[in-house]
Amino acid sequence: MIRTIAPTPNRALSGRCSACAVRSLSICGALDQADLIEFERIARQVHLTHNEAIFTAGQAATSVHNVTAGVARLYKLLPDGRRQVIGFALPGDFLGAMPSDRYSFSADAIEAVSVCRLSAESFAQFIEHRPHFLRRINEFAARELMLAQEQMLLLGRRTAEEKVAAFLVGWRARLANIGDQQHTIALPMSRQDIADYLGLTIETVSRTLTRFEREKMLVIVSGGVRLLDAKRAEAMAGV
């Protein structure tokens, strides 16, 4: 069940944007205090549980979303019903800005997820006179393009072992970027999600992880993996 928390016009703002733990990582990092007050006025906090949709491909793109907690799965369904996972969104990621009036992909919660949701119309008005904010958004768009290029490389001429190693190394780097630098690489997504992201079967992903464990490159633990030989994984990933 989706819960939305919205400020009412007649009460003082809570200051949640100022206190947001991922503000520096998100598009909001470009906003000063006055801008944050206005941003908070037009934003709505939305909390989703496992597998709940943030938005769905083909749906009217009436809102944009800033992920503040949890991990979301981004995917497209092919005409024959197969699913291609195109990415995973982490806290600080910005979703929903579309070149058309419809979402071109779907996003749902892998685990409990919180987002700031803004109407596309209010968001467009907000950025109209804030060129510094638009530059920040463009930086995020450039980063998304880079991730898309890396995804194309992953789906290209690489072996299954190289794909899985590259995924683990890349995911570890993304977690480190949001301050999660623990020895264990948390993998909240399922092996089927990973398989659909890498263009492999779930059996191949499971077999590859088991092989890596047998060769002592990693150890599989509850909720993720722990790299024992990071240098080998990075070499295999081409980092």
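This is a predicted model: local features need pLDDT of at least 70, side-chain atom pairs count only at pLDDT 80 or more; totals for chains, interfaces and linings use all residues.

Student: How many nonpolar, polar and charged residues are in the contact of H3 with H4?

Tutor: On the H3 side there are Phe123, Phe126 and Ile127, and on the H4 side Phe133, Leu134 and Ile137. Phe, Leu and Ile count as nonpolar. So the count by class is six nonpolar, no polar and no charged.

Student: What span should H4 have, and how far apart are its end C-alpha atoms?

Tutor: H4 runs over residues 131–154, which is 24 residues. At 1.5 Å a residue, H4 should span 34 Å. That agrees with the model, where the end C-alpha atoms are 35 Å apart.

Student: Which residues of H4 are buried, and what covers them?

Tutor: The buried residues in H4 are Phe133, Arg136, Ile137, Phe140, Gln151 and Leu154. Their cover includes strands S6 and S7 along with helices H2, H3, H5 and H6.

Student: What about H5 and H7: are they roughly parallel or roughly perpendicular?

Tutor: The axes of H5 (residues 160–177) and H7 (residues 202–214) come within 10 Å and cross at roughly 80°. H5 and H7 are therefore roughly perpendicular.

Student: Which residues make that contact of H5 with H7, and how many of them are charged?

Tutor: H5 brings Ala160, Glu161, Val164, Ala165 and Leu168, while H7 brings Thr204, Thr208, Leu209, Arg211 and Phe212. By class, the contact has six nonpolar and two polar residues, and the charged ones number two.

Student: How many disulfides does the structure hold?

Tutor: Take cysteine 20: the closest cysteine sulfur is that of cysteine 116, at 6.4 Å, too far for a bond. Cysteine 116 is in no disulfide either, with the sulfur of cysteine 17 nearest at 5.5 Å. A disulfide needs two cysteine sulfur atoms within 2.5 Å. The number of disulfides in the structure is zero.

Student: Is cysteine 116 buried or exposed?

Tutor: Buried means under 20% relative accessible area. Cysteine 20, at 27%, is partly exposed. Cysteine 116 has a relative accessible area of 9%, so cysteine 116 is buried.

Student: Where is aspartate 196, and which residues does it touch?

Tutor: Aspartate 196 lies in helix H6 and, at 14% relative accessibility, counts as buried. Leaving out residues up to four places away in sequence, aspartate 196 touches Arg83, Gln84 and Val85.

Student: And which residues does glycine 224 touch?

Tutor: Glycine 224 is in strand S12 and counts as buried at 8% relative accessibility. Setting aside residues up to four places away in sequence, glycine 224 touches Thr184, Ile185, Ala186 and Leu187.

Student: Last one: is lysine 216 buried or exposed?

Tutor: Lysine 216 is in the loop between H7 and strand S11. Its phi is positive, about 65°, although it is not a glycine. With a relative accessibility of 62%, lysine 216 counts as exposed.

Definitions and conventions: Residues are numbered from 1 along each chain as its sequence is written. Side-chain values use heavy atoms; hydrogens and water are left out. Axes are lines fitted to C-alpha atoms, for helices over the stretch in contact, and angles run from 0 to 180 degrees between N-to-C directions. Helices (H or I, at least four residues) and strands (E, at least two) are DSSP runs, numbered from the N terminus. Angles under 35 degrees count as roughly parallel, over 145 as roughly antiparallel, 65 to 115 as roughly perpendicular and the rest as oblique. Contact means heavy atoms within 4.5 Å. Buried means under 20% relative accessible area, exposed over 50%, partly exposed in between (1.4 Å probe, protein chains only). The expected span of a helix is 1.5 Å times one less than its number of residues.
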